Amino acid sequence: MKLKQRVVLLAILLVIFIFTKVFLIDNLDTSAANREDQRAFQRMLGSLQVQLEPRLEHTLQSPWEIAAQWVVPREVYPEDTPELGAVMHAMATKKIVKADVGYKGTQLKALLILEGGQKVVFKPKRYARDYVVEGEPYAGYDRHNAEVAAFHLDRILGFRRAPLVVGRFVNLRTEIKPVATEQLLGTFMTVGNNSCFYGKCYYCRETEPACADGDIMEGSVTLWLPDVWPLQKHRHPWGRTYREGKLARWEYDESYCDAVKKTSPYDSGPRLLDIIDTAIFDYLIGNADRHHYESFQDDEGASMLILLDNAKSFGNPALDERSILAPLYQCCIIRVSTWNRLNYLKNGVLKSALKTAMAHDPISPVLSDPHLDALDQRLLSILATVKQCTDQFGPDVVLVEDRMTLSHL
């Protein structure tokens, strides 16, 4: 072999060696950083189906005591929840001992006390599964099935920041009326052969009651968080004005995120990344109505953003409201763990996982197929948005390593 050919061959081998070395190092680093994310994803897939059954492993405790012990500053329930089915079974079946009007808000709900003293929030069915809510993305009544679907999506994304939700059928005549407060009872009425009530809330009207099918009403119940964890309400920095012709600052100021980053509690700690996680969550479910959010009280920005009140979701599967993603595309940062989980869920995995997770809910099927299909399409939009950010700023800037240790004491 001629000297020139040898030099060329050596040069080629050297280039191959360098690229191979870089590739191996990158993959070793990636593997080291993401190995736990991959394991967590597989564990999640293995525990997707929740059989609603009364069996408890800790027989000396009630399901309510078990669920209360799950709550810590950074999650509502732990990753390993073998008794999740028992708690949800209790939510769906335990005797109702008291019924009252719901807590303050714009939408109809009822506050129920279940046997054992546990509070749950009941949201009644207002729409058929295939009903499409037209108009603004926050238009229409609350969707009870959206609460159920959002809870299971929270599980699938690995956030664990949404209170437990399960579907439930209640008999208004035999289960609610006998234990209803006078305030709630005063809103009951009969329309045709159906029992109805309109409750007390900002938009509650006698002319717009929620009606059962005869006496049987379908709805969702959301587990009330323990009283030892009082909530603090915050205005969402990317909230809407809800005024025609008046834009919020984030809607016209391209540098808005820079201003947010200088404001407490977004200038340090996990809160801004929580906001971005929530934007991703809300975009997937089509929720453009998170004008406020809750965290645990006096947390100084350390606790999670709690994913409460997700019922203004899954209204129109054909509407992808990109403005919900503003925190993501304006700040161009995302948790590495969130980014990994989103990538694991592409190619139809998200739709399949959510369908599996909701299969055993009492009100199944929870979502129509168009809504499930929309989730996979919206996921692609999120991935493309992050790709635009990494192309512009580089992955080292956009992908933020923020894995907080969770303690269950």
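**Reading loops, a marked site and helix packing**

Mentor: Pro365 is located in the loop between H11 and H12; helices (H or I, at least four residues) and strands (E, at least two) are DSSP runs, numbered from the N terminus. This is a predicted model, in which local features need pLDDT of at least 70, side-chain atom pairs count only at pLDDT 80 or more, and totals for chains, interfaces and linings use all residues. Residues are numbered from 1 along each chain as its sequence is written, and side-chain values use heavy atoms, with hydrogens and water left out.

Trainee: Is the peptide bond from Ser364 to Pro365 cis or trans?

Mentor: The bond from Ser364 to Pro365 is cis, with omega near 5°. The bond from Ser264 to Pro265 is also cis, with omega near 5°, and Pro265 belongs to the loop between helix H7 (256-260) and H8.

Trainee: Where does UniProt place the feature "active site"?

Mentor: The unreviewed UniProt entry places it at Asp289; UniProt positions are given in the numbering used here, feature names are shortened, and annotations may be inferred rather than shown by experiment. Asp289 is in the loop between helix H8 (271-285) and strand S10 (292-296).

Trainee: Which residues does Asp289 touch?

Mentor: Contact means heavy atoms within 4.5 Å. Not counting residues up to four places away in sequence, Asp289 touches Tyr138, Tyr242 and Lys312. The side chains of Asp289 and Tyr242 make a polar contact (2.6 Å); that term denotes a pair of N or O atoms within 3.5 Å, where, within protein, one must be able to donate a hydrogen and the other to accept it, and residues adjacent in sequence count only if both atoms are side-chain atoms. Tyr242 has a positive phi of about 60° although it is not a glycine.

Trainee: How are two packed helices described?

Mentor: The description uses the angle between their axes and the distance between the axes. Axes are lines fitted to C-alpha atoms, for helices over the stretch in contact, and angles run from 0 to 180 degrees between N-to-C directions. The axes of helix H11 (residues 349-358) and helix H12 (residues 369-393) come within 8 Å and cross at roughly 140°. H11 is therefore oblique to H12; angles under 35 degrees count as roughly parallel, over 145 as roughly antiparallel, 65 to 115 as roughly perpendicular and the rest as oblique.

Trainee: Which residues of H11 and H12 meet?

Mentor: Leu350, Lys351, Leu354, Lys355 and Met358 in H11 meet Asp369, Leu372, Asp373, Leu375, Asp376 and Leu379 in H12.
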